[in-house]
Amino acid sequence: MKIIPKNRQAGSAGAPMAAKLVKSAGELKKVPVRLKLRFEDAAEYVPENLMDKFVIRGGNPLLGNIRVSGAKNAALPAMAAAILTEEPLILENIPDVRDIQTERNLLVSMGAEVELGYGRAHHRTTISCRDLANPEAAYELVKTMRASTLVLGPLVARMGRARVSLPGGCAIGARPIDLHIKGLEQLGATIRQEHGYIEASAERLRGGHIVFDKITVTGTEDLMMAAALADGETVMENCAREPEVVDLAVLLNKMGAKIEGAGTSTIRIKGVSRLGGARHRIIPDRIEAGTFVIAAALTGGDLSINNCEPRHLSALLEKLQECGVTVTTTRDSVRVKNGHRLKAADLSTEEYPGFPTDMQAQYMALATQAEGTSIITENIFENRFMHAQELLRMGANIKVEGSRAIVRGHTPLSGAAVQCSDLRASASLVIAALVAEGETILDRVYHIDRGYERIEEKLRGANGQIRRIGEILPRRAAQVPVGVA
Ligand code: EPZ
């Protein structure tokens, strides 16, 4: 019998999984086994396929069905919430993406036990933070994923101390965490900054009144978790209203917290002395769903995007209707059937329920194919037009002026060698390549693996011509004439 670490196979951006080989009916078969991550695993885990590329041939309309995974930006704070209790937390619908792997490594490096489901339980994770010997988020991990700072509030609240690396610069903007720190101080924590680390401590946090100077998603989540174990009531104003914030509050209340108002700009938290374990299903990923909605509209396809939450996509769907796209929805799916020429429409990114900044890059790809000029204004991050330079390489007509991009369409795109710079920029290049004439080679796709679960397989399943170089093609696919040498 032999154990083959699943992550040695190309293409799987997910966690170090394992399978054992058993002989049945004369044929060797892999049977999934549950894998408990140990402390030393976290340290030496080096994600592979860092050098992978996508080869995409444009021209095919997307057809059929695509299933949306769980939301990365809901799963990350939910996993951090496990720190708040010594009892196990069972999380379902966890996406199999690299950022989730980084979060697991972070928790294990603190002393948590992380159990990964496999096979039918593939998207389930059980986390136990009974003995957190090392309440520290090391620079090596935080630099690869800024959302690691979400452990700051829970660690101070539960352990009374935390040492968390400052995240450093980011491709899309400065992204400081000053509002997280200010909020924790308002809950009574003592904070020092030394050698690139935040050192925070508090005997026990106490309830307070926090007014965010700026709407911050992870800031709201971090302080909501901290206040859940504080002594007394906390009122937070000018909060983020994203569905991921609401999903976290639902989980925390299942753990015994007393939180009201999540989803509005004022959240009230009555602190409790202890939180328990819970079982929780993470909401679908509205940004992944939105990415496929735009890809379908752009390729002139007929695609049903399933297992999503259409009401979380209303700003996007309204904008696409303005562009002349036909969209129909059910309780948990969006169908895009688009044969019309796209019309240009201006766009401004805003906090939820406005148009999400995480969909801006994908919308820019669409705007390159729309009749007329679209002015795209990015209001959330100061440097989120990196994809424009790569789209220009494919023949688009885009002029960036500070926080505005002027996109003149309709300009036919042609395949080219392009490079990913961040998660959502990569998604816009994949979409553009699906309508470009000829072949596009997309480099550094590890950016896209951070937040999209096997996007190439999902798109290929919907008639897209895309494959990962470095990927071992399953026998069936090898026979499909993708036309890419
Ligand atoms: C969350 O990031 C998401 N990440 C981001 O998604 C998303 O783009 C962003 O919210 C906005 O919707 C996760 O949920 C893990 P913010 P977050 O704090 O919380 C400034 C993706 O592609 N600010 O809401 O880090 C900040 O610089 C990622 O999946 C401060 O000034 O974003 C920005 O301009 C990318 N001080 C604005 O607020 C602070 O302390 C909003 O940022 C915090 C934020």
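**View 1. Helix 11 meets helix 13 in this predicted model.** Ala361, Gln362 and Ala365 of helix 11 touch Arg424, Ala425, Ala427, Ser428, Ile431 and Ala432 of helix 13. Contact means heavy atoms within 4.5 Å. By class, this contact has six nonpolar, two polar and one charged residues. Ala, Val, Leu, Ile, Met, Phe, Trp, Tyr, Cys and Pro count as nonpolar; Asp, Glu, Lys and Arg count as charged; the others, Gly among them, count as polar. Helices (H or I, at least four residues) and strands (E, at least two) are DSSP runs, numbered from the N terminus. The model is predicted: local features need pLDDT of at least 70, side-chain atom pairs count only at pLDDT 80 or more, and totals for chains, interfaces and linings use all residues. Residues are numbered from 1 along each chain as its sequence is written, and side-chain values use heavy atoms, with hydrogens and water left out.

**View 2. The crossing of helix 11 and helix 13.** Two packed helices are described by the angle between their axes and the distance between the axes. Here helix 11 spans residues 360–367 and helix 13 spans residues 423–435. Their axes come within 7 Å and cross at roughly 25°. Axes are lines fitted to C-alpha atoms, for helices over the stretch in contact, and angles run from 0 to 180 degrees between N-to-C directions. The two helices are therefore roughly parallel to each other. That term covers angles under 35 degrees; over 145 is roughly antiparallel, 65 to 115 roughly perpendicular, and the rest oblique. Helix 11 passes helix 13 in a right-handed crossing. In a right-handed crossing the near helix is turned clockwise from the far one by less than a right angle; anticlockwise is left-handed.

**View 3. Helix 6 and its cover.** The buried residues of helix 6 (residues 178–186) are Leu179, His180, Ile181, Gly183 and Leu184. Buried means under 20% relative accessible area, exposed over 50%, partly exposed in between (1.4 Å probe, protein chains only). Their cover includes helix 5 (152–159), strand 12 (190–194), strand 13 (197–201), strand 14 (209–211) and helix 7 (217–228). Glu185 also lies in helix 6. Glu185 has 40% relative accessibility, so it counts as partly exposed. Glu185 and Leu205 are 20 residues apart in sequence and 9.2 Å apart in space, C-alpha to C-alpha. Just after helix 6, Gly188 takes a positive phi of about 95°.

View 4. Pro353 sits in the loop between strand 22 (347–348) and helix 11. His410 lies in the loop between strand 25 (404–409) and strand 26 (417–419).

**View 5. Positive phi at Asn307 and Arg444.** Phi of Asn307 is near 60°, a positive value in a residue other than glycine. Asn307 is in the loop between strand 19 (302–306) and helix 10 (314–322). Asn307 is buried, with a relative accessible area of 17%. Arg444, also not a glycine, has a positive phi near 60°. Arg444 lies in the loop between strand 27 (439–443) and helix 14 (446–449). At 36% relative accessibility, Arg444 counts as partly exposed.
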